[in-house]
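Q: Hi! I've got this one open on my screen, could you walk me through it?
A: Happy to, let's go.

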Amino acid sequence: MSNTAAKILLAISVCTVAAQALAGGQDSYVFCDNGLRCVTAPCPSNSALDLATGELIKGVSIDIEGLTQEDKALDLSDKLYAGKVVVVGSIENRTQTFNGKQHTLPWLVATAIERAARDGERGHCSAH
C-alpha cells in the first residue's frame with residue numbers, strides 16, 4: 001500500500017470514528033400508542049421498541065423538536081400514533097410534575113425519521 005493510500009485510509013477511519021462518536025447513543029425506535037389507558041398522569045399509553053436491543057420502553061413520550069422540517073411535514077402525529085415510522089434518537093429521563101408530585105419519565109428524543117416500520121416492528125402498537 002502506498003503512503004498516500006495509507007493516509008487516505010487513516011483519514012476515512014478517523015472520520016468514521018468521529019461520526020460514530022457524535023451519534024453516540026442514537027438508536028432506532030418504533031414509537032406508538034400501545035392501547036393502555038388510565039385516569040391519572042403519568043399514563044403509560046405510549047411505548048417505544050428499541051430495534052437494536054428488542055427492549056420495550058413503556059410510558060415514554062416523544063420529543064420531535066430535533067427533527068428536520070421535512071421530517072416534521074410527514075403528518076407525523078398519525079404515523080407516530082400507529083407506529084408506522086422508525087425514529088432515530090435516544091432515550092432521556094426527564095422530570096415532570098403531575099398532581100404536585102415529581103416523576104422521572106423516559107422521553108424519546110427524535111433526531112431523524114429513518115424509514116417506514118415493518119409489520120413485525122409494530123407488534124406492541126394498538127393500531128397494529
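Q: How much of the protein chain is buried?
A: In this predicted model, buried residues account for 32% of the 128 residues in the protein chain.

Q: And what's the accessible surface like?
A: The protein chain exposes about 7800 Å² of accessible surface, and carbon and sulfur atoms hold 55% of that.

Q: Okay, what about secondary structure?
A: You'll find three helices and six strands in the protein chain. Going along the sequence, the pattern reads α-β-β-β-β-α-α-β-β.

Q: Which residues touch the most other members of the largest nonpolar core?
A: Those are Phe31, Leu80, Val87 and Leu108, in a core of 14 residues. At least two core residues come from each of strand S1 (27-33), helix H3 (76-82), S5 and strand S6 (101-116). S6 contributes the most, three residues.

Q: Switching topic: where is Ser90, and is it buried or exposed?
A: Ser90 sits in strand S5 (residues 85-98). Ser90 counts as buried because its relative accessible area is 19%, and the cut-off for buried is under 20%.

Q: What does Ser90 touch, beyond residues up to four places away in sequence?
A: Its contacts there are Gly25, Gln26, Tyr29, Trp107, Leu108 and Val109.

Q: And how far is Ser90 from Asp27?
A: Their C-alpha atoms are 6.1 Å apart in space, though 63 residues separate Ser90 and Asp27 in sequence.

Methods:
Residues numbered from 1 in each chain as written. Predicted model: local features only at pLDDT ≥ 70, side-chain atom pairs only at ≥ 80, totals over all residues. Heavy atoms only, no water. Helix = DSSP H or I, 4+ residues; strand = E, 2+ residues; numbered from the N terminus. Buried < 20%, exposed > 50% of the residue type's maximum accessible area, 1.4 Å probe, protein only. Areas by Shrake-Rupley, 256 points an atom, 1.4 Å probe, with all protein chains shown as cover. Contact = heavy atoms within 4.5 Å. Core = buried A, V, L, I, M, F, W, Y, C linked by side-chain atoms within 4.5 Å.
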